[in-house]
Amino acid sequence: MPLSAVASAREILTRLHDVMASRSAAQAKLNSVVGIIGEALDSEVCSIYLLREGVLELFATRGLAQEAVHVTKLALGEGLVGSIARNVETLNLDEAAIHPDFAYRPETGEEKFHSFAGVPIIRRERAVGVLAVQHVESRRYDDVEIEALQTVGMVLSELIANAGLIDNASSDTSRPQSTAVDRVPGFKLVEGMAAGVAVFHQPRIVIEHTVAEDTEAERHRVYAAFDKMREQIDRMASQAEFGVDGEHQEVLETYKMFAYDEGWSRRINEAIESGLTAEAAIERVQQRTRQRMRQIDDPLLRDRMHDLEDLSNRLIRIVSGQLGTAAQLGLRHDSILIARNLGPAELLEYDRRRLKGVILEEGSLTAHVTIVARAMGVPMLGRVRDVRRLIAEGDRLLLDTATEQVIIRPSAAMDEAFDTRLAQTQQRRAVFAALRHVEPVTRCGTRIHVNINAGLRDDIAALDLTGADGIGLFRTEFQFLVSATLPQRERQQRLYRDVLDAAGDRPVVFRTVDIGGDKALPYLNHDEEGDEENPAMGWRALRLALEREGLMKAQARALLEAAAGRQLNVMFPMVSEPWEFEEARTLFEAQREWLAARGKKLPVDIRYGAMLEVPALADVLDMLMPRLDFLSIGTNDLTQFLFAADRAHPKLAVRYDWMSPAIARFLRRVQRTLHGTGKPLAVCGEMGGRTLEAMMLIGLGIDRLSITPAAVGPIKAMVRSLDRTALAAHLETLLVNPPRSLREPLLDWARENGVELA
Ligand code: PEP
Ligand code: MG
């Protein structure tokens, strides 16, 4: 802001301060405000319109006919005032009457005024009114004047909110977009339907005080907040390889750039100079940037705009001392969580009973946050563009992953249609639940083993609820993720024992910790690996565990003791070469001997398995075979490595198909290597929980699946309707000269052969 603008705004704010502090009634205050602004800008007319019940009403004026006050009303989008409010946009015109939106109102007597400038009065990013000035003389207002008007607009928003002159219902009718947004498309990450109230993971702060008492103090507050924010960003960037905050590396780079941008801090300082509080100054600068950006139609810039919004909100939260996430503040209603992205640990902090759904701007199918949401049974829609701009905190939402959209502030008819669909889904669920005691045997007589993936104590109940054969993947790192400190051996042991107790005769496969990648442990000192550019391919899972021997030993002991007198199935993640498996197995065996030497009761049998997630292992499976008891393919990681496509990257979320010939042929090769060896082969990645994908896996000869509990019913139904022998023959033919994806041909085949696909 140029100095003269600062001075001009400051002069007005100083005078407004007295008006705001006075004990007079709201109407009298507004009358004074139009007087002050009109005088300061030397303008013949100054008027304030406020949005009441969806209509903009002239509330105060200097210069227009007083009889028009509370009489002149404009709909949103009607006339210049209506268009400013609808578009949340400033207008600066030297000849108002020739603007296409101009609507003449005779009762105001405005025909003699040529020039017009109006700014929206914004609250929670929506226009709740308009402040306008007019001159007889035909002239454009200079930037200084417009700046001053916009700053005053902020203060007015505080005044009218405090005076209760606008109600929530009316502020809700003005969207930041030109039309009310009803439906926003997204991408299904976790299936389900949810109705609830929008809650931002990082809540928006509503600014209560806009005019500063002590400019110097405000400046110090903002300095301190900048320091703290930069510290936070630096820390996040240094931990980014573990995705602590669910932030993407690229985003953090941009955050960093903005956080250290001198121009940004200077503009905030200037806004403070003009008389605003620190919070109001940050918001004021943000409003200006938003307005400027709205005129530029560049998707890249728009993304950067989001980053700046994030940072600006963070700065306001720091300055106002309101730092908690919605999880820390506690959910109060049935909530649908809105975030750009989340880390798995962040999601786990939420109360499952109140968290009905999640909407992300980013997100991908196999990111761990998605897996956690699936495990929590929370529907999730990802890649919903602009969601944080289109949805306001407290909006009622309907989330439906079947239609892959979110409905914002639904009408009664939409609610009704949603309820009907929900009832149908529940009926379908009931049909699947009835399959609980039915064995998944194909029409040609092959018994398919349908296990579930688990990781949280609450997941254990899913075994009985679904009638699954066992737990094919217990992700032990989830206990580590939900703990504030490293879980001690006794705590680990207790969990494992409870899981085994609940499973009874049903097998449980415990996977040793898969930490690193997007599963960070804030309490674990990760310093020694330095900065990782590709954390998914970095120091994680077995690589980390073998070097953190203490961690692995404690886990081995916990597992061995928990399984005393029973069978223990252990599986190692991310095995890349046989020696890694060998070392891990040796470590477990050493612990077993240690316990035996002390006369402790041991498992009756220990079976060691490896996860095939790194493609290289496929070529040395023969070397591993003699020492291996079973193999489980982790298709989430495997596909990211086969395609060199980050599984958490939102832009790659739908680029590569699980039903590509490359994956099918790769899996067929692994299946052939194990065939006849007597070593069980399973798939425990997310693809096994989708009916068409699972059908393909079974067709390739894989007869063990470990899947998300919600998928057990649909998968059983699919299995029971499938003739595997016929499918296997069809697949063989298809794979000779395959199309780009096997999805369409297999979908056709399933239809023709009466396979039940969900
Ligand atoms: C996988 O990679 O497929 C897998 C099952 O493990 P996670 O998703 O936990 O990495
Ligand atoms: Mg994996």
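**The ligand site**

Tutor: By class, the shell around ligand 1 holds eight charged, five polar and four nonpolar residues, where Ala, Val, Leu, Ile, Met, Phe, Trp, Tyr, Cys and Pro count as nonpolar, Asp, Glu, Lys and Arg as charged, and the others, Gly among them, as polar. This is a predicted model, in which local features need pLDDT of at least 70, side-chain atom pairs count only at pLDDT 80 or more, and totals for chains, interfaces and linings use all residues. Residues are numbered from 1 along each chain as its sequence is written, chains are lettered from A and ligands numbered from 1 in the order in which they are written, and side-chain values use heavy atoms, with hydrogens and water left out.

Student: Which residues come nearest to ligand 1?

Tutor: Of the 17 residues around ligand 1, those are R475, R511, E613, N636 and R647, a residue being near if one of its heavy atoms lies within 4 Å.

Student: And which backbone atoms lie by an oxygen atom of ligand 1?

Tutor: A backbone N or O atom of T635 lies 3.1 Å from an oxygen atom of ligand 1, and one of D637 lies 3.0 Å from an oxygen atom of the ligand; a polar contact is a pair of N or O atoms within 3.5 Å.

Student: How much of ligand 1 does the protein cover?

Tutor: The protein covers 100% of the 290 Å² of accessible area that ligand 1 has on its own, by the Shrake-Rupley method with a 1.4 Å probe.

Student: Switching topic, what is the mean pLDDT of the chain?

Tutor: The mean is 87, and 92% of the residues reach 70 or more, pLDDT being the predictor's confidence in each residue, from 0 to 100. Over residues 169–179, however, the pLDDT is below 50, although this stretch has 38 contacts beyond near neighbours in sequence in the model, a contact meaning heavy atoms within 4.5 Å.

Note on methods. A polar contact is a pair of N or O atoms within 3.5 Å; within protein, one must be able to donate a hydrogen and the other to accept it, and residues adjacent in sequence count only if both atoms are side-chain atoms.
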